[in-house]
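Open the model in your viewer and keep the selection panel at hand.

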Amino acid sequence: MNGGMVTQWLASGALELPLPGGGATGLRWLRLGDLTETDIVAGRLAEAHTDAVAILAELEGPEPKPDQLWGVWAAEPADAVVFARGDGDSVTLAGTKAWCSGAGLCSHALVTARLASGERGLFAVNVRQPAVRPLPSTWRNPGMAQSDTRSVQFSDAPAVPVGRPGEYLSRPGFWHGAIGVSACWLGGARSVANPLYERAAVDGVDPHTLAHLGAVDAALAAGEAILMAAAAEVDADPLNRKGSAELIARRARAVVETAVGETLTRAARALGPVPLCQDAEHARRVADLTIYVRQSHAERDLEQLGLRAAGR
């Protein structure tokens, strides 16, 4: 189970990354990519933990303890809503939260919930308490199956407010975290591309394989370049005074998503069915990355990028 790997990373200090906007954002994203290249599911869980740490620092929430593994559970489909009741620090959460990655692995989570005013609040919750119960899994795809993504039921669970109502989405760090996810996508793409690099290094390889590798290598290099450029912009304007954080994030995610698509398609065309059918590790990486990159909203995200690129 990939939770064991994340726990090892947590204990070793591998998840102690520079905070975004602090001058070493590029290093943060490179390390996230390296972790995800090692294991895509574990990298996805590591990204959520490090994002939670960054959110808590930005919004002056409780400081995570070294042995705590955090998740960020912020999906809000219409049919799964969590409500927050109470005032000040006396708040409880009730309802069902969908798409909770690490549902049975995390010790704590940042959870979005609906306030009486209708606004969205963010709350820190100890998820290893009787009032928080992961529901049976409905996951049917082998991709990301080991991420333990399930719905979680809250039954008047005590919670600590983090930030002001609505601040989870309005803060500059929301977009910094969105870029961090794409750094993990890129690391996953490198892991899928590695067998293609190995195949192309053999004498006598056919020209089509080399052409596929050339296209993949260029796409991966473009992904890394835009992440480093975005990191420099974030470090130069950590509070988003220019108002460009969303544009920067959407550009980075679009370029990296293109690199992922190129890698998945061209690696399959160049390598054929053998590694997908007979190499369990490669097949799992392809399945995991195919699901993971769907955290992008595809054309909807491109539409929003187009609006901002047009100055609208």
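Select helix 7 (245–271). Helix 7 gives the most to the lining of the largest cavity, with four residues. Helices here are DSSP runs of H or I with at least four residues, strands are E runs of at least two, and both are numbered from the N terminus. A cavity, on a 1 Å grid over the protein atoms alone, is a set of points where a 1.4 Å probe fits but cannot get out; a pocket is an open set with protein on both sides within 12 Å along at least five of seven lines; lining residues have an atom within 4 Å of a point.

This is a predicted model, where local features need pLDDT of at least 70, side-chain atom pairs count only at pLDDT 80 or more, and totals for chains, interfaces and linings use all residues. Residues are numbered from 1 along each chain as its sequence is written, and side-chain values use heavy atoms, with hydrogens and water left out.

**Stop 1: the largest cavity**

Select Trp185, Arg250, Arg253, Ala254, Glu257, Ser296, Ala298, Asp301 and Leu302. These residues line the largest cavity, which holds about 70 Å³ of space. Volume means the space filled by probe spheres set on the grid points, which are joined across faces, edges and corners. Helix 7 and helix 10 each supply at least two of the lining residues. By class, the lining has four nonpolar residues, one polar and four charged. The classes: Ala, Val, Leu, Ile, Met, Phe, Trp, Tyr, Cys and Pro are nonpolar; Asp, Glu, Lys and Arg are charged; the others, Gly among them, are polar.

The term needs a side-chain nitrogen of Lys or Arg within 4 Å of a carboxyl oxygen of Asp or Glu. Asp301 sits in helix 10 (residues 299–309) and Arg250 in helix 7, so the bridge ties together parts that are 51 residues apart in sequence. Are Asp301 and Arg250 buried or exposed? Both are buried. Buried means under 20% relative accessible area, exposed over 50%, and partly exposed in between, with a 1.4 Å probe and protein chains only.

**Stop 2: the second largest cavity**

How many cavities of 30 Å³ or more are there? The count is two. Six of the lining residues are nonpolar, one is polar and two are charged.

**Stop 3: the largest pocket**

Now go to the open space. The largest pocket holds about 1,200 Å³. Its lining has 32 residues; Arg44, Ala75, Arg253, Gln295 and His297 lie nearest the centre. Colour helix 3 (40–58), helix 4 (167–170), helix 5 (173–200), helix 7 and helix 9 (280–292): each gives two or more residues to the lining. Which element gives the most? Helix 5 does, with six residues. The pocket lining divides into 15 nonpolar, seven polar and 10 charged residues.

**Stop 4**

The structure holds 17 salt bridges. Show Arg266 and Glu262: their side chains meet at 3.0 Å, N to O. Both lie in helix 7, four residues apart, about one turn of the helix. Arg266 is partly exposed at 25% relative accessible area, and Glu262 is partly exposed at 27%. Next, select Asp39, Glu281, Arg284 and Asp288, which are linked in a network of salt bridges.

**Stop 5: two backbone angles**

Most residues other than glycine have a negative phi. Centre on Asp148, where phi is near 55 degrees, a positive value. Asp148 is found in the loop between strand 6 (132–134) and strand 7 (150–161). Its relative accessibility is 13%, so Asp148 counts as buried. Arg150 forms a salt bridge with Asp148, the closest N and O atoms being 2.7 Å apart.

Finish at Glu60. Its phi is also positive, about 55 degrees, although Glu60 is not a glycine. Look for Glu60 in the loop between helix 3 and strand 1 (70–73). Glu60 counts as exposed, at 73% relative accessibility.
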